[in-house]
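Take a walk through this model, one stop at a time. Keep the sequence and the 3D view side by side as you read.

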Amino acid sequence: MLKRSTEWLLPILGILFFVVIWHFSALQVKTSLGSLPGPVQTAEQFVLLVEDHLQEGEKEQAFYDRQEERNAKKLATDPDAKIKMRAYTGKATFFDQIVTSLVTVACGFILASVIAIPLGLVLGLNHKLYMAFNPIIQLLKPVSPLAWLPLVTMVVSASYVTKDPLVAKSFLNSMLTVTLCSLWPTLINTAVGVTNVDKDLVNVSRVLRLSYWQHIRTIVLPSAIPMIFTGLRLSIGIAWMVLIAAEMLAQNPGLGKFVWDEFQNGSAASLSRIMVAVVMIGFIGLMLDRLMLMIQKRVSWDKQQVLR
Amino acid sequence: MAIKGLMQLIKKSYGVSLSVLLFGALTVNASPLVLGEPEKEELKLGFIKLTDMAPLAIAYEKGYFEDEGLYVSLEAQANWKVLLDRVIDGELDGAHMLAGQPLGATIGIGTKAPIITAFSMDLNGNAITVSNEVWQQIKPQLPVDENGKVIHPIKAEALKPVLEHYKDTGKPFQMGMVFPVSTHNYELRYWLAAAGINPGFYAPEKGDNSGQREAEILLNVTPPPQMPATMEAGTIQGYSVGEPWNQQAVAKKIGVPIIADNDIWKNNPEKVFGVTESWAKENPNTHIRLVKALIRAAAWLDHNGNENRAEASKILARSEYVGADEKVIANSMTGSFEYEAGDIRPAPDFNVFFRYNATYPYYSDAVWSLTQMRRWGQIPQAKPDSWYIDIAKQVYRPDIYRLAVNALISDGLMKQSDFSDVDNETGFRPPHNHFIDNITYDGRSPNAYLEQFSIGLKGDQQI
């Protein structure tokens, strides 16, 4: 067992080593927009993005003030006028984009899990069904998000037609693409986990004449949980990667759009801003994985199992 | 009688509030007019990262949209195709569009959906840039003035030796343009064909929409902001694009603008503000209010000899709009243009937003775009002159523009003298020959215009 201090020290050393390498190698890479941004420029740009976010907040306040003034004027001339407060129309800042991406990935991932876990349970419990559907799963699993996206976009455009939409089409497009791509690991792992339930336990269940639901709740689920979570962790990683790609390609709001817009801008600061986004995407991906790990540790009954 | 007929027509499509407005407009300055409330207050408008989206940014930043009771969000789009598709399926209420886009969409080149425009966003604003390598090959042959500076405009003849060289080595010579029905495509083709270089034909009936049949130069679609990166990567040897992407090539030292579109056709129409026909029918007041805000923005941009352009460049340089460096944007916006690094020349009309009636949607501008679609085979069959004019009248809507102008005047926001006799405008610019090949264009006789070209389809010709 490592000492507590080294447990902290080693990762920090690793990160420091990486930052130093990044700093020196970035200077060597010359692009037509100047050399690749190092850690310093990236950090500077991060600070600017924070300031930008704060400034946008002030603008937002001014926007609402103006609107109230205008509405008051309207009421003065026509007391029966219908007054509605309209949402702020300014740009989405870097941090707004992060929130958008997080919400989208959460919705897409939850939808995927809601489909994949029950489906996986059914397929795992019924060998014939599994045999029947396995080829389709294997066929759909490797399809790239970039291939799904045009299909999803067309289908959503054609079928989601309302006068007053609850959510934006672009949100649906991103979310469904995430769902389609992140479904498979959870589905397959759940099915496999269910199939691999200890034969002794299955026999016990038979002897006790447990009902179907009791059988699933007390025997199947607990022993399949580690596999289900393995699937979920793979899925959330894929969901996050797919989302950024979908946002870049379809220009749907989120971090991916931020990266693409900056690439298009091609200003002196663009590369550093993209670098900030890259670090942030990685960091959020890491946090999502840790979050799943935490939940897994909570619900897993086998506390001895080594999880990493 | 004519006025009554017009009123009935407008009443039919726009409801009562507008006939009141029109009536008021006819009895000029009599009493203040009230334009109805907007049918839709929250709007999402699309744009491409180009300096000529400026009227949208200015109308937003100066509060002109809000003055009309409109809460507009502006959203950059990835490319012209995505932008058009999103307007058609309703994700965007309207957008900054290429002048040819509403026409192309209405007659079904690529996507088919009726789109209209009541506001022309600007004149000029494009240039053709070649890579440093190509420039090095053509520069020694170019005539120079007494100061040793290259004489502009440069004709496409200069490219011929380079083309020969590429042909000898068996490499294709490729250039980028932004969209099949873009002004950039037509300007580039016009410039090449004027020098006897065939840029190739479209053959939609044979399923060939590459536009490269019989081509001596291969033209490819590339989204505007990606032009410099694509040329840097060596995929294309030059491109035709709007600002700031030509000045960006100079700033990045990867290419040299060779001719501005103003030299190919003086004061050519460039971008328009497009919405679908059905959206315009459902939201007539909103539409007029949008056009009002945009006209004010355009007037602000050209006010007093471009005095506001420095401020405009600063606004456009923000990452949510064009996002390129302010210096690069300011180059063309403030009335100068940098060709070879250091060769800065005055270009006061590089971007025109308001003067020369830039905001008026001229039928003759629409007809010109249509003639080029016919010339290059995008319209595969011969069409009578009346067809060109009918399509122009379906897509370009000076009637709506006029309502917006009248409302601005009666609001006291602008003066009658700001607009040159809009009420008597026929929609056709007088025949003129402000082209690099001195050919005369009369918007009323498109087929006769096409006859004058040595390269390009005319009469019953088909590919």
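A:Ile12 is partly exposed, because its relative accessible area is 44%, and the label "partly exposed" covers values between the 20% limit for buried and the 50% limit for exposed. Keep in mind that this is a predicted model. Find A:Ile12 in helix α1 of chain A, which spans residues 4-28. A:Ile12 also belongs to a nonpolar surface patch.

Now turn to the charged side chains. Over all chains, the count comes to 36 salt bridges. One of them joins A:Asp52 and A:Lys91, with 2.9 Å from N to O. This pair links distant parts of the chain, 39 residues apart. A:Asp52 sits in helix α2 of chain A (residues 39-77). A:Lys91 lies in the loop between α2 and α3 (94-125) of chain A. Are these two residues buried or exposed? Both A:Asp52 and A:Lys91 are buried.

B:Arg86 and B:Glu75 are both buried.

Look next at B:Asp302 and B:Arg309. They meet in a salt bridge whose closest N and O atoms are 2.6 Å apart. B:Asp302 is buried, and B:Arg309 is buried as well. Some salt bridges share partners, and one network built this way joins A:Asp52, A:Lys91, B:Glu61, B:Arg318 and B:Glu320. Here A:Asp52 and A:Lys91 return, now alongside residues of chain B.

Last stop: the empty spaces. Rolling a probe the size of a water molecule over the atoms shows where such space is left. How many cavities of 30 Å³ or more does the structure hold? It holds five. The largest cavity has a volume of about 50 Å³. Which residues line the largest cavity? The lining consists of B:Tyr202, B:Ala203, B:Pro204, B:Glu205, B:Gly377, B:Pro380, B:Leu457, B:Gln462 and B:Ile463. Six of these lining residues are nonpolar, two are polar and one is charged.

Key: Residues are numbered from 1 along each chain as its sequence is written. Chains are lettered from A and ligands numbered from 1 in the order in which they are written. This is a predicted model: local features need pLDDT of at least 70, side-chain atom pairs count only at pLDDT 80 or more; totals for chains, interfaces and linings use all residues. Side-chain values use heavy atoms; hydrogens and water are left out. Patches are made of residues with over 30% relative accessible area and no salt bridge: like charges are joined within 9 Å, nonpolar side chains (Val, Leu, Ile, Met, Phe, Trp, Tyr) within 5 Å. Accessible areas come from the Shrake-Rupley method with a 1.4 Å probe; for residues, only the protein chains shown count as cover. A salt bridge is a side-chain nitrogen of Lys or Arg within 4 Å of a carboxyl oxygen of Asp or Glu. Helices (H or I, at least four residues) and strands (E, at least two) are DSSP runs, numbered from the N terminus. Buried means under 20% relative accessible area, exposed over 50%, partly exposed in between (1.4 Å probe, protein chains only). On a 1 Å grid over the protein atoms alone, a cavity is a set of points where a 1.4 Å probe fits but cannot get out, and a pocket is an open set with protein on both sides within 12 Å along at least five of seven lines; lining residues have an atom within 4 Å of a point. Grid points are joined across faces, edges and corners, and a volume is the space filled by probe spheres set on the points. Ala, Val, Leu, Ile, Met, Phe, Trp, Tyr, Cys and Pro count as nonpolar, Asp, Glu, Lys and Arg as charged, and the others, Gly among them, as polar.
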